[in-house]
Amino acid sequence: MNDANLAQRFVHRHLESGDGGRVALVTPGRHWTYAELAELVDRCGNALLTCGVQQGDRMLLALSDSIEFVALWFAAQKIGAVTAEVYTFLQPKDYAYYLAYTAARVVAVDTTTIDAVRQALRDIETRPTLLSTTAGNATEGGEHDLFSLLESSPAQLDAAPLTLDDVAIWKFTTGSTGRPKACVHRLSSPIRSFENYATGVLGLRRDDSVLAVPKLFFGYARDLVALFPLGVAARGILFPERSTPERIFDLIERERPSILVNVPTMMQAMLDHPSAPSRDLSSLRLCTSAGEALPEALHRRWLDIFGVEVLDGIGSSEAYHIYISNRPGRARIGTMGECVPGYDAVVADPDGNPLPDGETGRLWIQGDTAAIMYWGDEARSRETFGENLVR
């Protein structure tokens with residue numbers, strides 16, 4: 001088995017180890033076993049091949065959280081394509097930017113995104129294939145219905161022979177300093193991040209189940225729900241709706257996750273909800289926080305009301321995932337914690353010289369999950385990346 005292939009490493013190997021009957025993903029009304037997910041991944045991979053996707057091509061996912069999102073993502077990885085994801089409530093002009101920028105061969109859409117993406121296609125020169133994940137949505141030229149393709153797609157698929165140096169994933173920046181750019185990652189990035197953070201910090205184990213507040217288009221959530229748990233035969237919990245305190249409380253009480261992937265904004269909303277003191281979060285062994293600053297007062301209030309340990313951390317698209325994090329059992333309120341295994345960090349002046357404690361400067365990160373470039377921006381790539389540094 002090719003362990004450099006993410007589908008093989010995180011999904012299909014569980015069939016060989018006898019874990020095919022374990023639950024991999026929970027969706028509304030259904031539990032998907034590893035065997036069922038592996039078959040769907042292979043059928044989706046054959047469907048992508050039918051659509052003309054080849055090794056090295058890019059596939060853009062504009063999908064709500066669903067089993068189709070995860071299966072198509074792993075399917076693209078299994079055939080050696082490159083995956084990128086975008087938010088599902090963008091304007092057509094924004095989709096036009098991503099479509100032109102990625103030059104994706106296939107764009108996966110659903111009822112939430114298909115109309116906006118169709119409109120966006122009118123404003124770009126190239127026309128990718130639209131792959132609809134909602135039966136009956138594909139009605140125009142250049143569109144395919146995923147479920148129609150799946151009916152005729154074989155249930156087995158050979159994995160593309162890949163190496164850890166092959167490009168596999170684009171993670172977009174937030175666009176806070178301009179248009180979003182793709183951080184181009186090799187296959188080694190998700191694998192090392194799984195080893196360094198998911199197992200090295202969180203200590204993910206077989207009996208874990210993970211629920212995320214952010215949606216799967218945000219790599220922080222996708223990795224922690226639909227990738228990292230699968231590396232230890234654990235399970236992720238998916239739901240398509242927008243996250244609200246009520247929705248999160250209900251899912252925790254019904255599905256009993258052990259890890260909640262959170263952001264401070266939702267932590268505040270959950271605490272402010274009138275039913276907060278009576279909600280049952282006893283299944284959680286820890287909560288992660290990232291994406292924005294976690295105020296000390298909010299952290300203390302969370303502990304007072306819910307009693308669930310919070311591991312605050314910081315990560316970036318450039319470094320793939322979280323590279324500084326608090327640790328279970330020794331989290332310090334008001335701090336980011338310690339460097340995740342595999343990373344070094346220093347606060348430096350503009351010339352790269354380390355600054356003494358208490359001084360403000362630029363954070364430099366060194367680790368083997370650094371992206372290799374910003375796609376299409378050679379100048380910023382030279383400035384930001386080099387010798388596994390993220391500046």
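## Helices that meet

Visitor: Which residues in H3 meet Leu-6, Ala-7, Gln-8, Phe-10, Val-11 and His-12 in H1?

Guide: This is a predicted model, where local features need pLDDT of at least 70, side-chain atom pairs count only at pLDDT 80 or more, and totals for chains, interfaces and linings use all residues. Residues are numbered from 1 along each chain as its sequence is written, and side-chain values use heavy atoms, leaving out hydrogens and water. Helices are DSSP runs (H or I, at least four residues), numbered from the N terminus. With contact meaning heavy atoms within 4.5 Å, the H3 partners are Trp-73, Phe-74, Gln-77 and Lys-78.

Visitor: How do H1 and H3 lie to each other: parallel, antiparallel, perpendicular or oblique?

Guide: Axes are lines fitted to C-alpha atoms over the stretch in contact, with angles from 0 to 180 degrees between N-to-C directions. H1 and H3 pack at about 130°, their axes 8 Å apart. Under 35 degrees counts as roughly parallel, over 145 as roughly antiparallel, 65 to 115 as roughly perpendicular and the rest as oblique, so H1 and H3 are oblique.

Visitor: And at roughly what angle do H9 and H10 cross?

Guide: Pro-245, Ile-248, Phe-249 and Ile-252 in H9 meet Met-266, Ala-269 and Met-270 in H10. The axes come within 9 Å. H9 is roughly perpendicular to H10, as they cross at roughly 85°.

Visitor: How many residues of H7 are buried?

Guide: Buried means under 20% relative accessible area, with a 1.4 Å probe and protein chains only. Ile-191, Phe-194 and Tyr-197 are among the buried residues of H7. H7 is largely enclosed by the rest of the structure, because the buried count among its twelve residues is nine.

Key. Buried < 20%, exposed > 50% of the residue type's maximum accessible area, 1.4 Å probe, protein only. Helix = DSSP H or I, 4+ residues; strand = E, 2+ residues; numbered from the N terminus.
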